[in-house]
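Thanks for coming. I will go through one structure today, starting with a pocket and then moving to the strands around the fold and a few backbone details. Please have the model open.

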Amino acid sequence: MIFLRVAIPSPLRRHFDYLPPEHTNADSFQAGVRVKVPFGRRELIGILLEVVTKTDVPTNKLKPVIEVLDSIPLQPQYIRDLALWAADYYQHPIGDALFQSLPVYLRKGGEGVATHTYLWQVTQDSTAGGISARAYQQQALYQLIAEHPQGISKEAIKAEGGQTTLLATLESKQLIKKVTQKHSLPEASHLLKEVPLSLNSEQQNALQSITKDKGFNAFLLDGITGSGKTEVYLQAIHEILKKGQQALILVPEIGLTPQTVQRFKSRFRVPVAVLHSNLTDKQRFDAWMHASQGEAPIVIGTRSAIFTPLKSPGIVIIDEEHDSSFKQQEGFRYSARDLAVVRAHAEQVPIILGSATPSLESLHNCALNRYQHLTLRVRAGNAKTPEFQLLDIKRLPLNNGLSSTLITQIQQHLEKGTQVLVFINRRGFAPSLICHDCGWLAECRRCDARMTLHQKPAHLHCHHCDSQRPIPSQCDHCGSRALKPVGAGTERTEQTLNELFPKTPIFRVDRDSTSRKGSMAKIMEQVQEGAPCILVGTQMLAKGHHFPKVTLVAILDADAGLFSTDFRGMERTAQMIVQVAGRAGRAEHPGKVVLQTHHAEHPLLELLATKGYETFAKEELKQRHQFQLPPYQHIAIIRAEAADTGRAEGFLQSIRDQQSQAFPQVQWSGPFPSPMEKRAGVFRSQLLISSLSRPLLQHSLSYLCANIETHPMASKIRWSIDIDPYDMY
């Protein structure tokens, strides 16, 4: 007798056994196929882990599988192994981890067949004689198709002026037929559309290091902005493509994907598969299938694309490897960057981690010789590194966050015919709304946070739980109508700059102004024309964009992260400053960065401005080592939340009381309320666990998870474990 061991997407950290469907034999089941199973009162899709001959559950209590959805596994074994490894490392239920590694289309039960592009050809021995002499459009369409013996797509027919509505008519007359387009890759000598750029000595050394050896190697490509990291990526990929292998490139933001895709399509004559959340489920699945079948030699995607199978893997590239968006913050809390290294090692291919501001973890791995450290310190072409100015604004009058010194400098650069970028990392018109009479602040009713004031359209918006409400006409506390905005966001800065420079185009770039499809591309097109203008925006402007005529970058408020309670606050602040500063001074235009601050004497800020990120990172690593913080110590956070105050904290305290004696070598801190205790209507608390030994920490967490599931309060509390947390919120 055989049993089917199935992984189910549920919060339960175990697998489930089922009986096979009636009238089936053991040979018809392969590990990795999807199966539809009864689960309580529901029917769910699970993944078959293995076929076994023994079970711990009485046979009379087992239910049969309803349906086997696939004849063969759609996912290769090495991707399932990666998902299972991640489930074990990140202490996540295996069923959910395996499920998350599949495209959403397959999770919903979609058929495992990609949509193919079809071509139209004339049928053998057919002639236009079967078309009426007066059917001019049919004759013209037939002739157009006949001119392409290898076939022509519907899109190409439309571009040539053919009437695509008549295709069905000609097909019914058996004059033309539809065939599946086969992606035949060009010969190695014809892969390139454009000639690669000449590399300087630093780039050449980096490329040689990456391509000289076979097998796994991890490289940190540490290059200042404008140093030509992307050109190194492109030429390394060219070497991979010549061997008939594929490249997987991960980028942090959806907004960067179109630019990256365009760079690769401009360089290579090969299909490029794209995977990100702005595509439909079917589009993502089709790209996933083309990658797995080897039809797409280049695969570009955001975080979840790390689970995309490749038929012939050749290289993995993580662009902007320091970026926080590579870490999943909810549910399956994996790091795509770290999983990429695990995957590259398993597949024995090189991996490039690229950044102008590498994470301290990656720099530490270089110091331990786990990664090879490749540096690019010269900007491509004749571009110079921008000049840095720390502008002390203590006691200076500010016009909605803009000092008179900065306003003068903006005017000077615009008069020279160049462009200005003003960075403020706050969306909306103002960070808060205050009552001038009693000091009341408009706070979110569901979070321990103030609501942001927006003017287009006018409303108050909490950016933590997404709740919104109209702007009140009077104070909730005292009834006064003297309500005033406090501080400045991107909207208010845009308005102020419009008043100061009425003849200059102002472009605002944040999640609100670029939410419509194509809006970001339209803004970029206008900026690329090169006319004097001012860009105002958030972190969306800091990553990957090329603005050849931006000569002044103004950072309005760099102080927010200097005194963060999160130990990564200073690192993130430094990365943000350097990334934004990198938009200044490309090509032949020298750049300047003005950083407004109330703490111009801050030692790490001074170090960053005068010595650069590399020196700053070394100093920050010294402090991390001194205080035994990551990467010198390994940490995990157990988070809990409940509708009633104190319940989550009480739950975590009981967990600590039970478990701390079993693992005295592990350090326990807390429980304590989260920095934002109330969020989206629930009260949150956290317990920090740390150890100098990663295996010891993992062992203690595995033991802890097993015990939490049997805890009497576990069903009344929402809890999660975050391994290697990026945010301490």
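**The second largest pocket**

Let me start with the second largest pocket, which is lined by 37 residues; Arg337, Asp338, Asn365, Arg694 and Asp724 are the ones that lie nearest its centre. Keep in mind throughout that this is a predicted model. The volume of this pocket is about 910 Å³.

What kinds of residue make up the lining of the second largest pocket? The residues divide into 15 nonpolar, 11 polar and 11 charged. As for where they come from, at least two residues each are supplied by α1 (77–89), α11 (336–347), α12 (360–367), α16 (569–581) and β29 (634–642). Of the elements involved, α11 gives the largest share of the lining, five residues.

**A six-stranded parallel sheet**

Next, the open sheet. Six strands form it, with parallel pairing, and the order is β16-β28-β27-β19-β26-β25. At the edges are β16 (387–392) and β25 (506–509), each of which pairs on one side only. From one strand to the next, the twist averages 20°.

β16 runs parallel to β28 (residues 592–597), and six bridges join the two strands. If you want a residue pair to look at there, Gln389 stands opposite Val594 in β28.

Now to another set of strands. Is β9 (residues 217–223) mostly covered or mostly open? Mostly covered: six of its seven residues are buried. β9 has parallel pairing with β14 (residues 350–355) through six bridges, and with β15 (residues 372–376) through five bridges, again parallel.

β13 covers residues 313–319 and is mostly covered, with seven of its seven residues buried. β13 is also joined to β10 (residues 246–250) by five bridges, and these two run parallel. In that pairing, Ile249 stands opposite Ile317 in β13.

As a reminder, strands of a sheet pair through backbone hydrogen bonds, in parallel or antiparallel fashion. In a regular strand, side chains alternate between the two faces of the sheet. Going back to the model, β9 has six of seven residues buried and β13 has seven of seven.

**Backbone details**

The bond from Pro630 to Pro631 is cis, and omega is near 15°. Pro631 sits in the loop between α18 (613–626) and β29, and β29 is one of the elements that supply at least two residues to the lining of the second largest pocket.

A cis peptide bond also joins Gly670 and Pro671, with omega about 10°. Where is Pro671 found? It is in strand β30 (residues 667–679).

Then there are positive phi values in residues other than glycine. Asn369 has phi near 65°, and its place is in the loop between α12 and β15. Both neighbours have come up already: α12 supplies at least two residues of the pocket lining, and β15 pairs with β9. Why is Asn369 classed as exposed? Because its relative accessible area is 69%, and exposed means over 50%.

Asn400 also has a positive phi, near 50°. Asn400 lies in the loop between β17 (398–399) and β18 (402–403).

Key. Residues numbered from 1 in each chain as written. Predicted model: local features only at pLDDT ≥ 70, side-chain atom pairs only at ≥ 80, totals over all residues. Heavy atoms only, no water. 1 Å grid on protein atoms, 1.4 Å probe; cavity = no way out; pocket = protein on both sides within 12 Å on 5 of 7 lines; lining within 4 Å. Points joined across faces, edges and corners; volume = space filled by probe spheres on them. Helix = DSSP H or I, 4+ residues; strand = E, 2+ residues; numbered from the N terminus. Nonpolar A, V, L, I, M, F, W, Y, C, P; charged D, E, K, R; others polar. Pairing = 2+ DSSP bridges. Axes fitted to C-alpha atoms, helices over the stretch in contact; angles between N-to-C directions. Buried < 20%, exposed > 50% of the residue type's maximum accessible area, 1.4 Å probe, protein only.
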